[in-house]
Amino acid sequence: MATINIDLTELPTLTNDTFYPLYTNKDRYLVLMGGGGSGKSVFTAQKIVLRTLTEKKHRILVLRKVAKTLRESVFMELKNAIYRWGLEKLFKIPKGTSSELHISCINGNEILFAGLDDVEKLKSISGITSVWMEEASECSPEDFRQLDIRLRGRTLHYKQMMITFNPIDINHWLKKEFFDIKKPNATTIHSTYKNNKFLDKEAIAVLEAFKETDPYFYQVYALGEWGVLGKTIFNAQKVNERISQLRHHDPLVQRGYFVYEKDDKDMIVDRTIKWIPADDGYIKVFELPQSRIPYVIGGDTAGDGSDNFTGQVINNVTGKQVAVYKNQFDEDLYAEQMYCLGRYFNSALISIETNFSSHPVKVLMRLGYRNMYVREREDTFTGSVTKAYGFKTDKLTRPSAIAELVTVARENIHLINDMDTLNEMLTFVRNEKGRPEAKEGAHDDLVMALAIGYYSRGQQDETAFREAVQEVTTPFPFRTAEPQTGGYMQW
């Protein structure tokens, strides 16, 4: 096998700064997500060429979902990288359009090409040392799993799956696999055309023109933000813009949970409540409690189609989302954490949905939490109207609550600080019957808790609110209690 000596000192000038450190990245999964013109595919081709020249016994497999798309995309990208670096004499590249795609190096290394739709060809390929999945958003999780399994066994060098794609759908398996959690032995990079120093002015102008002509297209295809398939209820452009802002400036102040002691009557002793900081805590705080400020907490229980108990804390003067609770606790433990959260935020008004279970509300009542949302309830037997704790989503309250949150997202998106909540907004769509709900496979726990919180604001003590407003320059509009709530519960 021939040995090739090449000058690597020019690599920094031939590579975008964002990607240059990745030449030495040896993680099993190298995931490059981004917008058009970001240079992610160009870099991936360059890394493959470099490894083919400097390492031994390689059979690198390059894939797309459909075989017929290979020639004009990944094959051309690799060919261009070879010629751009003046290395064409070191590679054998087939000419014409009829020959099978295959690139070989004079040192014996090979670059193979296949479509995931060409099952028989894939079966015949063995001894793979690394993989490039281009436009991976076109591929299924089953495609990925099968390739991951095949990339096994001994080799002289590290094995790596390079995955490149544009983030079209926020509900895509790639997001769940690599971005929603920290996957072991994986590096993820987000890039845009702004990271590409080789992009010419004309190409930049074309992309930036979409800011005015099609802002949503600009957010997804130029800035590489997660997109949405289907009609969203919330303004996707504004939500994406807020996500982009938070990616560069995380407003998180602290993260953790509460611990507490109970007396012999199983009651929480308030003076024992303590905040425990923890990186994996299920409560995120974006603004610490302020003296005399009234707060509202909306809660959504883990009912039908929901996996999490959630809570959303709103500063009732500014309207800002100041804390978020999300966990898969049992109902009683959820209620106890909500009790502590409410006490922490100045004995906030707590409004928890009771559609699927009233147990959390009953626990709060037993614990003696007094500041809870009150609704009118009609007795189905006598027809008399009584007052009950907790929020009931029905044909009247649900549309109103969602509509109010839609308004907040459209006019005051800066008030929302939580990435998880914003991501849920992007998958909150109208179904075939026109009903707003989470897209299939997605969740709306955080969206509904926030909607309930904003809807319930008007039941806050108005005197305390007016006094607090005097200390705030631009208060969020205060809405009076809805007629169907029936006012306040008497103690």
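The chain exposes about 23,500 Å², of which carbon and sulfur atoms supply 50%; accessible areas come from the Shrake-Rupley method with a 1.4 Å probe, and for residues only the protein chains shown count as cover. This is a predicted model, in which local features need pLDDT of at least 70 and side-chain atom pairs count only at pLDDT 80 or more, while totals for chains, interfaces and linings use all residues. Residues are numbered from 1 along each chain as its sequence is written, and side-chain values use heavy atoms, with hydrogens and water left out.

**Overall make-up**

- The chain holds 15 helices and 19 strands; helices (H or I, at least four residues) and strands (E, at least two) are DSSP runs, numbered from the N terminus.
- Of the 491 residues in the chain, 53% are buried (buried means under 20% relative accessible area, exposed over 50%, partly exposed in between, with a 1.4 Å probe and protein chains only).
- Among contacts (heavy atoms within 4.5 Å) between residues at least 6 apart in sequence, 68% join residues at least 24 apart.

**Aromatic pairs**

- The whole structure contains 26 aromatic pairs; rings of Phe, Tyr and Trp (its six-membered ring) pair if their centres lie within 6.5 Å, and planes under 30 degrees apart count as stacked, over 60 as edge-to-face and the rest as tilted.
- F75 and F113 make an edge-to-face pair, with 5.4 Å centre to centre and 75° between the planes.
- This pair links distant parts of the chain, since F75 is in helix 3 (residues 71-84) and F113 in strand 5 (residues 110-115), 38 residues apart.
- F75 counts as buried because its relative accessibility is 3%, and F113 is also buried, with a relative accessible area of 1%.
- W275 and Y344 make a stacked pair, with 6.1 Å centre to centre and 10° between the planes.
- W275 lies in strand 10 (residues 274-277) and Y344 in helix 10 (residues 331-344), so this pair ties together parts that are 69 residues apart in sequence.
- W275 has 18% relative accessibility and therefore counts as buried, whereas Y344, at 25%, counts as partly exposed.
- A cluster of Y257, Y282, F309, Y325, F329 and Y334 is linked by ring pairs.

**Charges over rings**

- R71 lies over the face of F75, at 5.8 Å from the ring centre (a charge sits over a ring if NZ of Lys or CZ of Arg is within 6 Å of the ring centre and within 35 degrees of the ring normal).
- K183 lies over the face of Y29, at 5.2 Å from the ring centre.

**Largest pocket**

- The largest pocket has a volume of about 1,300 Å³; grid points are joined across faces, edges and corners, and a volume is the space filled by probe spheres set on the points.
- On a 1 Å grid over the protein atoms alone, a pocket is an open set of points where a 1.4 Å probe fits, with protein on both sides within 12 Å along at least five of seven lines; lining residues have an atom within 4 Å of a point.
- The lining has 41 residues, and K175, F179, D180, D420 and N423 lie nearest the pocket centre.
- Two or more lining residues come from each of helix 6 (173-179), strand 8 (186-191), helix 9 (236-248), helix 13 (419-426) and helix 14 (445-455).

**Helix 13 and T427**

- Helix 13 is mostly covered, with six of its eight residues buried: T421, L422, N423, E424, M425 and L426.
- T427 lies in the loop between helix 13 and strand 18 (428-430), and is buried at a relative accessible area of 5%.
- Not counting residues up to four places away in sequence, T427 touches I170, N171, E437, A438, K439, A442 and H443.
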